[in-house]
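Colleague: I would like to learn how to read the features of a model such as this one. Please give the general idea each time, and then the case at hand.

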Amino acid sequence: MNRKKILVTGGAGFIGGNFVQYMVNKYYNYDIYNLDLLTYAGDLTKHHIIQNKSNYHFIKADIADSEAINILFSQEKFDFVVHFAAESHVDRSITDPEVFVRTNVLGTQVLLDAAKQAGISKFIHVSTDEVYGELEFDPTTYFSEDTPLQPSSPYSASKAASDLLVHAYNKTYGLPINITRCSNNYGPYHFPEKLIPLTISRILNGQKVPVYGDGKNIRDWLHVNDHCTAIDLVMHEGVNGEVYNVGGHNERTNLEVVKTIIKTLGKSEELIDFVEDRLGHDKRYAIDPTKLVNLGWKPTYTFDTGIAQTIQWYLDNQEWWGQIISGEYQNYFHKQYFR
Ligand SMILES: NC(=O)c1ccc[n+]([C@@H]2O[C@H](COP(=O)([O-])OP(=O)(O)OC[C@H]3O[C@@H](n4cnc5c(N)ncnc54)[C@H](O)[C@@H]3O)[C@@H](O)[C@H]2O)c1
């Protein structure tokens, strides 16, 4: 089989990091180039097991730096771009929207231009179900690929803008693309500012667990490994120009998620601290993944098996997240929750 070059942006982050490891281990005939700016969310220590493998390469660069990106694409002939790099935390987008527009919109456009000039085989844009806005608490309604984009937060608005740019490069310039829109991910190496790793790490530190509002907002959870297999499938089998929703029908209220973690760790629900609700907090997300299932995708984790595996991973890797929650993050975290 021909060797292929895959550029993965954001491969030092949570999902991109899991994807890089999955690809390096699965495809010995692919060279995986992890391009990442190493912002607060990027961390390379997670790649200690693959960093010496001959098919893994790291490039430190900013996706919004067109000069650096154009030089890279002129030096390396990439076959695929799998684009994860983004500012990804809704709370941060509410306090500092500018960097979200720069990275998520401008950065995507810079990559699309470079990919167009280079004539790559396909550009996979990793997006989110949050671009669809929110659903009511009606268990019979789901996001489909045809649901109109109605983002609520600066984060989801910047992702929706990047989705539209990707679509436009396909229509206008014929750049081969796919867009994936996944529900909330969880699993190993998740930065402890998001609900599940935040809850686990705070409980293990003997701290209170903040829950927004009444905790009744519903998210549709997917184990990160199942997201990786979905992207692998779309990369190889996805029909040019198509959008694929990714989700495993695992809807839970935030409160249910927190209570499950507390129970698994044998702690008391008195740890729960209901805090003022997030601005513009979407009520419910729920994905209809039929199109992707018809392409051949099947998730392997239920929420129950996935959350058990994830909690165990955090117990086994306290050193990793202990190092992650020091410094800048800890200051941010204190500001947000220590009242
Ligand atoms: N986390 C989820 O539940 C979820 C769900 C659906 C889709 N997504 C999407 O998946 C992608 C990855 O999400 P994540 O949770 O892994 O994010 P993350 O915040 O953990 O990682 C983002 C990575 O991008 C890098 N990065 C940021 N700005 C950059 C820049 N200007 N140039 C190069 N690298 C830069 C960071 O250093 C980090 O390594 C995002 O596009 C996000 O919108 C996330």
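This is a predicted model: local features need pLDDT of at least 70, side-chain atom pairs count only at pLDDT 80 or more; totals for chains, interfaces and linings use all residues.

Colleague: How many of the 10 residues of helix 6 are buried?

Modeller: Buried means under 20% relative accessible area, exposed over 50%, and partly exposed in between (1.4 Å probe, protein chains only). In helix 6, residues 195–204, eight of the 10 are buried, so the helix is largely enclosed by the rest of the structure. Among them are Ile-196, Pro-197, Leu-198 and also Arg-202.

Colleague: Is Lys-216 buried or exposed?

Modeller: Lys-216 is exposed because its relative accessible area is 53%. Lys-216 sits in the loop between strand 8 (209–212) and strand 9 (218–223).

Colleague: Which residues does Lys-216 touch?

Modeller: Contact means heavy atoms within 4.5 Å. Not counting residues up to four places away in sequence, Lys-216 touches Phe-137 and Thr-253.

Colleague: Where is His-125 placed, and which side chain makes a polar contact with the side chain of His-125?

Modeller: A polar contact is a pair of N or O atoms within 3.5 Å; within protein, one must be able to donate a hydrogen and the other to accept it, and residues adjacent in sequence count only if both atoms are side-chain atoms. His-125 belongs to strand 5, and its side chain makes such a contact with that of Ser-162 at 3.1 Å. His-125 counts as buried because its relative accessibility is 0%. Leaving aside neighbours within four places in sequence, the residues in contact with His-125 include His-83, Lys-159 and Asp-163.

Colleague: How many residues surround the ligand, and which are the closest?

Modeller: A residue counts as near a molecule if one of its heavy atoms lies within 4 Å of it. Here 29 residues surround the ligand, and the closest are Ile-15, Asp-36, Ser-88, Tyr-155 and Lys-159. A polar side-chain atom of Asp-36 lies 2.6 Å from an oxygen atom of the ligand. For Ile-15, a backbone N or O atom lies 2.7 Å from a ligand oxygen atom, and for Thr-39 a backbone N or O atom is 3.0 Å from one. Accessible areas come from the Shrake-Rupley method with a 1.4 Å probe, and for residues only the protein chains shown count as cover. The ligand has 840 Å² of accessible area on its own, of which the protein covers 96%.

Colleague: Which element gives the most to the shell around the ligand?

Modeller: Strand 5 does, with three residues.

Colleague: What radius of gyration does the chain have?

Modeller: The radius of gyration is taken over C-alpha atoms, and the globule rule is 2.2 Å times the number of residues to the power 0.38. A compact globule with 339 residues would have a value near 20 Å; the chain has 19 Å, which agrees.

Definitions and conventions
Residues are numbered from 1 along each chain as its sequence is written. Side-chain values use heavy atoms; hydrogens and water are left out. Helices (H or I, at least four residues) and strands (E, at least two) are DSSP runs, numbered from the N terminus.
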